[in-house]
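Me: Could we go through this structure together, with you telling me what each word stands on? I'm new to this.

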Amino acid sequence: MRTCRASAAGKLTVVLATIVVVLAGCGGGPSPRAWAASVCGALTPWRSEISKLTSSTDEQMTAQTTPAQAKENLVRLFGGAEKASETARRKVEQAGVPETDNGEAISAGFASSLGKMRDAYGRARDTIDGLGTGEPTAFYDGVRAAVETLNKEYDASALDTSKLNSEELKQAFDEVPECR
């Protein structure tokens, strides 16, 4: 009985492997223009949200609020940035792998960059959430340190699209309306 099952499982594996190879040979990934449009469609609302949250964070740093109020607002703001970054990362993953040289690495690079940004916002949120509010000077010093760390991590996670290894994608990012 084991021999029959092993033989049937082996045949199923060969059939599935053949299907995967055939489908992979058909391409199936989006064109560079379609992929660039999808990626920019994911990044445009993300950039807008991050810009809005950055302005709100700057206001919180200078507003006349109690440390407890500032903490609550900053935790909410950084949580929103974390969520927006994850939404953009998921949409970039859903865009698939563009049909171009190094398409898989390029797609993974975009998603990884957004994941690192998401994580940086999450760490900033957690750091500020862990700060005590009893001593205002210590609280605001902690906030400044968290924001400095966030800025460093954010800068380190940025993906430079000028270094894409695909002329087709560079051209697509320059041409599609969603990226303007």
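**A serine and its contacts**

Me: Which residues does Ser-166 touch, not counting residues up to four places away in sequence?

Reply: Ser-166 touches Thr-100, Asp-101 and Ile-106. Touching, or contact, means that heavy atoms lie within 4.5 Å. Do keep in mind that this is a predicted model, where local features need pLDDT of at least 70 and side-chain atom pairs count only at pLDDT 80 or more, while totals for chains, interfaces and linings use all residues. Residues are numbered from 1 along each chain as its sequence is written, and side-chain values use heavy atoms, leaving out hydrogens and water.

Me: How far apart are Ser-166 and Ile-106 in sequence and in space?

Reply: In sequence, 60 residues separate Ser-166 from Ile-106, yet C-alpha to C-alpha the two are 8.7 Å apart in space.

Me: Why is Ser-166 called buried?

Reply: Ser-166 has 3% relative accessibility. Buried means under 20% relative accessible area, exposed means over 50%, and partly exposed is in between (1.4 Å probe, protein chains only). With its 3%, Ser-166 therefore counts as buried. Ser-166 sits in the loop between α5 and α6 (167-175).

Me: Is Arg-89 buried or exposed?

Reply: Its relative accessibility is 15%, which is under 20%, so Arg-89 counts as buried. Arg-89 belongs to helix α3. Leaving aside neighbours within four places in sequence, Arg-89 is in contact with Ala-111, Leu-114, Gly-115 and Arg-118.

Me: What makes Asn-102 partly exposed?

Reply: Asn-102 has a relative accessible area of 43%. That value falls between 20% and 50%, so Asn-102 is partly exposed. Asn-102 lies in the loop between α3 and α4 (103-129). Its phi is near 60 degrees, a positive value in a residue other than glycine.

**The chain as a whole**

Me: How many helices and strands does the protein chain have?

Reply: The chain has six helices and zero strands, and from the N terminus on its elements run α-α-α-α-α-α. Helices (H or I, at least four residues) and strands (E, at least two) are DSSP runs, numbered from the N terminus.

Me: What share of the protein chain is buried?

Reply: Of the 180 residues in the protein chain, 34% are buried.

Me: What share of contacts joins residues at least 24 apart?

Reply: Among contacts between residues at least 6 apart in sequence, 79% join residues at least 24 apart.
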